[in-house]
Amino acid sequence: MRGRPARGALPRRLLQLYAGLALYGASSALLVRAGLGLEPWNVLHQGLSELTGMTIGVVTTLLGALVLLLWIPLRQRPGLGTISNVLAIGVAMDGTLALVPEARTLAVRVPLMAAAIVLNGAATGLYIAADFGPGPRDGLMTGLHRRTGRSIRVMRTTVEAVVVATGFALGGTIGVGTVLYAVVIGPLAQFFLRVFAVPAPAAGSTVVAAGTPRGAILRP
């Protein structure tokens, strides 16, 4: 059983949280620039961006806030990480898109896609290991799991299938990047969770969170 994080771990955990969220938004933007397929929720975000004319970052923020409202009937409680997820990722996405031009050749797009997926895994490990609460989309899936009794895997697959299909119908990008992301993001995130786990204090001091936070399902 995990104890409460020690006070001394708080600055590091906050740094991990916001570095992870910023890197998550930046890596998602790099996938957009690679143009070879996006992660499931960003297929929907991109489709809604095409439909509304809003930037993908603004759509990400607004949809995150809407999903967070769905926590109310599911009796989910947001944490600092949950609120920060809604506010930070979209800003990081739009900022990166403003700085990074679109990749036009496969010689650039393929390495960019691969780097973006690895960075996304690192970002996931950073912010989940900080243990400030799940992102709004993950919390939706765990809430549905608790209310319906269905497994998290079933709820995640169902929700993301609907999200991808809707996003694609609206003009979101599906491709090899979408498939590769689905296959490798779990192992990558688990690896980086171990890398960025907050270490336990010396013997005799307060126990801190270390390892994989319980209930994490590896997506903001």
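Student: What makes Arg13 lie over the face of Phe132?

Tutor: Arg13 is 4.2 Å from the centre of the Phe132 ring. A charge sits over a ring if NZ of Lys or CZ of Arg is within 6 Å of the ring centre and within 35 degrees of the ring normal, so the 4.2 Å of Arg13 meets the distance limit. This is a predicted model, in which local features need pLDDT of at least 70 and side-chain atom pairs count only at pLDDT 80 or more, while totals for chains, interfaces and linings use all residues. Residues are numbered from 1 along each chain as its sequence is written, and side-chain values use heavy atoms, with hydrogens and water left out.

Student: Which ring has the charged end of Arg137 over it?

Tutor: That is the ring of Trp41, with the charged end 5.4 Å from its centre.

Student: Now the aromatic pairs: why is the pair of Phe191 and Phe192 called edge-to-face?

Tutor: Good one! A pair of aromatic rings is described by the distance of the centres and the angle of the planes. Rings of Phe, Tyr and Trp (its six-membered ring) pair if their centres lie within 6.5 Å; planes under 30 degrees apart count as stacked, over 60 as edge-to-face and the rest as tilted. Phe191 and Phe192 have centres 5.0 Å apart and planes at 75 degrees, so the name edge-to-face applies.

Student: And what makes the pair of Phe192 and Phe196 stacked?

Tutor: Their planes are 15 degrees apart, with 6.0 Å centre to centre. Both residues belong to helix 9 (residues 176-196), where four residues, about one turn of the helix, separate them.

Student: How do you know whether each of Phe191, Phe192 and Phe196 is buried or partly exposed?

Tutor: Compare relative accessible areas: buried means under 20%, exposed over 50%, and partly exposed in between (1.4 Å probe, protein chains only). Phe192 has 14%, so it counts as buried. Phe191, at 42%, is therefore partly exposed. Phe196 has 21%, so it is partly exposed too.

Conventions
Helix = DSSP H or I, 4+ residues; strand = E, 2+ residues; numbered from the N terminus.
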